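Please open the model in your viewer and keep the selection tool at hand, as this tour moves from one selection to the next and says what is found at each stop.

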Amino acid sequence: MEGPYIRIEETGAMIPLSETVTTIGRGGAVDVHLGDPSVSRLHAEIIRRGPYAYVADLGLSRNGTRVNGRLVARRVLEDGDVLSFGAARCRVGGFPKEDITAEVELRRSASPELTRRELDVLTSLCRPALSDEAFVAPATAREIAEGPNRRVRLANEVVALGLVRPLPPTGRQEPPPGLRSPAGRPDTATPPRPEPATPRPDRQAS
């Protein structure tokens, strides 16, 4: 067969590709009909642009489109590529071969590490976008300068340094330091009672 074509692996049928768009699916009005139940009625298209062609998944199927086993949304086709629409397999051919090097995938640099201050500023700037309210005022310069929960963070740092002691829970009175047990818990033992003073005899006058 002259020109680009698609071959259905299950039946061996070879269908020439249209000069513009070739539709693929399980529906009765598509160009390439696949009877497998895993294929959508209108599953994908093969679009030709001059000597090139690419497959485009239409996003209407749960099972997607694969090229040589790799799930794709769009992919330029080469001679001999195996296309999988759900569980149905096809193969394309008849494309002119080009002596060209493979596409190089660029390495993405790792995201930089943010300091705590930079993270606070970024959180303040993004807070309006993450809010569920209909009308949200942007963060003010003061809010950005202070950062979220700045007072709470400073209070925790002061407590960690031992400069102040946190207040006891409401309804509970902290006992005096003298009545604390060695483990730091309040001593519930009854303090010893003072002994009565022994009366001293009066001195006789000499």
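By class, the residues that line the largest pocket of this predicted model comprise 11 nonpolar, 9 charged and 2 polar ones. The space in this largest pocket comes to about 800 Å³. To centre the view on the pocket, select Arg75, Val76, Leu77, Glu78 and Ile100, which are the closest to its centre among the 22 residues of the lining. Then colour strand E6 (52–57), strand E8 (70–72) and strand E9 (74–76), the elements that each give two or more residues to the lining of the largest pocket.

Next, select Asn68, which sits in the loop between strand E7 (65–67) and strand E8, the latter being one of the strands that contribute to the pocket lining. Asn68 counts as partly exposed, because its relative accessibility of 46% falls between the 20% and 50% cut-offs.

For the last stop, select Glu10, in the loop that runs between strand E1 (5–8) and strand E2 (14–16). Is Glu10 buried or exposed? Its relative accessible area is 73%, so Glu10 is exposed, the cut-off for that class being over 50%.

How values were computed:
Residues are numbered from 1 along each chain as its sequence is written. This is a predicted model: local features need pLDDT of at least 70, side-chain atom pairs count only at pLDDT 80 or more; totals for chains, interfaces and linings use all residues. Side-chain values use heavy atoms; hydrogens and water are left out. Helices (H or I, at least four residues) and strands (E, at least two) are DSSP runs, numbered from the N terminus. Buried means under 20% relative accessible area, exposed over 50%, partly exposed in between (1.4 Å probe, protein chains only). On a 1 Å grid over the protein atoms alone, a cavity is a set of points where a 1.4 Å probe fits but cannot get out, and a pocket is an open set with protein on both sides within 12 Å along at least five of seven lines; lining residues have an atom within 4 Å of a point. Grid points are joined across faces, edges and corners, and a volume is the space filled by probe spheres set on the points. Ala, Val, Leu, Ile, Met, Phe, Trp, Tyr, Cys and Pro count as nonpolar, Asp, Glu, Lys and Arg as charged, and the others, Gly among them, as polar.
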